[in-house]
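This report goes through the fold, the nonpolar cores and the charged pairs of one protein model. Please keep the sequence and the coordinates at hand while reading.

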Amino acid sequence: MSVFVLRRLLTLLATLVGASVIIFLVLDALPGNAAQMLMGADASTDAVRALTVKLGLDQPLAVRYLQWIKGLLVGDLGNSYVYGTPVAALIAERLVLTIPLAIMAMTITVTLALSAGIYTAANHNKIGDVGVMSLTQVGIALPNFWFAILLVLLFSVRLQWLSAGGFAGWEDGVWLGIKSLLLPAISLAVVQAAILARVTRSAVLEVLREDFVRTARAKGLGKREVLWSHVLRNAMIPVMTVMGLQFANLLAGTIVIENVFYLPGLGRLIFQSIANRDLIVVRNCVMLLAAMVVIVNFVVDVLYAFIDPRIKVHDL
């Protein structure tokens with residue numbers, strides 16, 4: 001296990017290095033100039049050039065990349081071109097909203113998906129199976145931003161149960177903060193839950209056909225005990241794989257959903273920074289999201305060996 005974890009850590013580091021190179025090169029290749037954007041279209045060439053030098057944008061590409069990596073290693077992410085404040089403080093302020101939103105969305109996704117997937121597998125080819133699978137097909141076809149608008153029309157405009165947008169803030173109470181994030185979390189979770197439910201159903205059905213399941217039933221174990229004690233654990237490998245991938249989709253989805261609900265989270269910060277050509281903020285935010293996705297997938301890989309003892313290190 002220690003060898004496996006070491007190998008996965010090396011892979012994680014290599015992935016982060018590769019991601020940092022791609023992120024830096026792609027953002028640097030974007031047209032436009034941050035100094036020109038800050039000075040305005042009517043600024044003189046000399047003023048724009050002076051600001052370019054002050055921001056360090058005149059230095060060679062390799063030098064700017066190494067300076068950025070050095071800053072990442074020591075926790076110095078630089079200052080925002082637009083806000084004039086440390087990028088680390090901006091990101092920390094927005095993560096207070098985005099991380100709870102992602103956790104809520106993932107919790108709703110897993111709860112709905114596992115419940116639906118296990119239920120449909122246990123009632124294979126019955127009316128409940130057909131009905132739930134039809135709903136998941138609809139869920140997969142729904143764009144999350146369009147579903148978010150429908151939720152706002154129903155629960156905010158018509159029923160007036162929840163706020164249509166904005167964030168109450170945790171200082172006003174945890175419950176108010178959760179209420180502010182409930183509709184965005186559901187908007188993010190529904191599509192992902194529909195996909196994961198179908199994967200769960202397929203994985204459980206495949207395990208139900210195994211010989212050890214028939215043996216367990218022949219020994220007199222009940223259907224519920226076989227399902228929860230033997231089948232589910234063996235079916236979790238593909239489910240965990242998809243869950244790790246879905247976390248990346250949830251993080252990417254926050255960029256759209258936070259703008260739909262006008263939430264001051266990391267996704268909205270990225271959107272605003274792109275519009276303002278504040279690339280130092282965009283670069284660090286995207287790198288943070290990439291690191292979170294890589295770390296989550298690393299954790300999923302490590303969990304494989306604990307979920308299924310049959311898996312060997314060399315198989316991973």
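Among contacts in the protein between residues at least 6 apart in sequence, what percentage join residues at least 24 apart? The share is 74%, and it is computed, like every value below, on a model that is predicted.

## Overall architecture

The secondary structure consists of twelve helices and zero strands, so that the order of elements from the N terminus reads α-α-α-α-α-α-α-α-α-α-α-α, by the DSSP-run criterion for helices and strands. Along the principal axes, the C-alpha trace spans about 85 × 55 × 35 Å.

Of the 316 residues in the protein, 42% are buried. The exposed surface comes to about 16700 Å², with 67% of that area supplied by carbon and sulfur atoms.

## Nonpolar cores

The largest nonpolar core holds 48 residues, of which Leu-101, Val-204, Val-231, Val-239 and Phe-261 touch the most other members. Two or more residues are given to this core by each of α5 (87-122), α7 (144-158), α8 (174-208), α9 (211-218), α10 (223-260) and α12 (279-307), and α10 makes the greatest contribution, with 13 residues.

Once its neighbours within four places in sequence are set aside, Phe-261 is in contact with Ala-148, Val-152, Ala-164, Gly-165, Gly-166, Leu-183, Pro-184 and Ser-187.

## Salt bridges

The count of salt bridges comes to two. In one of them, Asp-28 pairs with Arg-64, and the closest N and O atoms are 2.7 Å apart. Because Asp-28 lies in helix α1 (residues 2-28) and Arg-64 in helix α4 (residues 61-74), this pair ties together parts that are 36 residues apart in sequence. Asp-28 has a relative accessible area of 32% and is therefore partly exposed, whereas Arg-64, with a relative accessible area of 14%, is buried.

The other salt bridge joins Asp-129 to Arg-201, with 2.9 Å between the closest N and O atoms. Here, too, distant parts of the chain are linked, since Asp-129 belongs to helix α6 (residues 127-141) and Arg-201 to helix α8, 72 residues apart. Both Asp-129 and Arg-201 are buried.

Definitions and conventions. Residues are numbered from 1 along each chain as its sequence is written. This is a predicted model: local features need pLDDT of at least 70, side-chain atom pairs count only at pLDDT 80 or more; totals for chains, interfaces and linings use all residues. Side-chain values use heavy atoms; hydrogens and water are left out. A nonpolar core is a set of buried Ala, Val, Leu, Ile, Met, Phe, Trp, Tyr and Cys residues joined through side-chain atoms within 4.5 Å. Buried means under 20% relative accessible area, exposed over 50%, partly exposed in between (1.4 Å probe, protein chains only). Helices (H or I, at least four residues) and strands (E, at least two) are DSSP runs, numbered from the N terminus. Contact means heavy atoms within 4.5 Å. A salt bridge is a side-chain nitrogen of Lys or Arg within 4 Å of a carboxyl oxygen of Asp or Glu. Accessible areas come from the Shrake-Rupley method with a 1.4 Å probe; for residues, only the protein chains shown count as cover.
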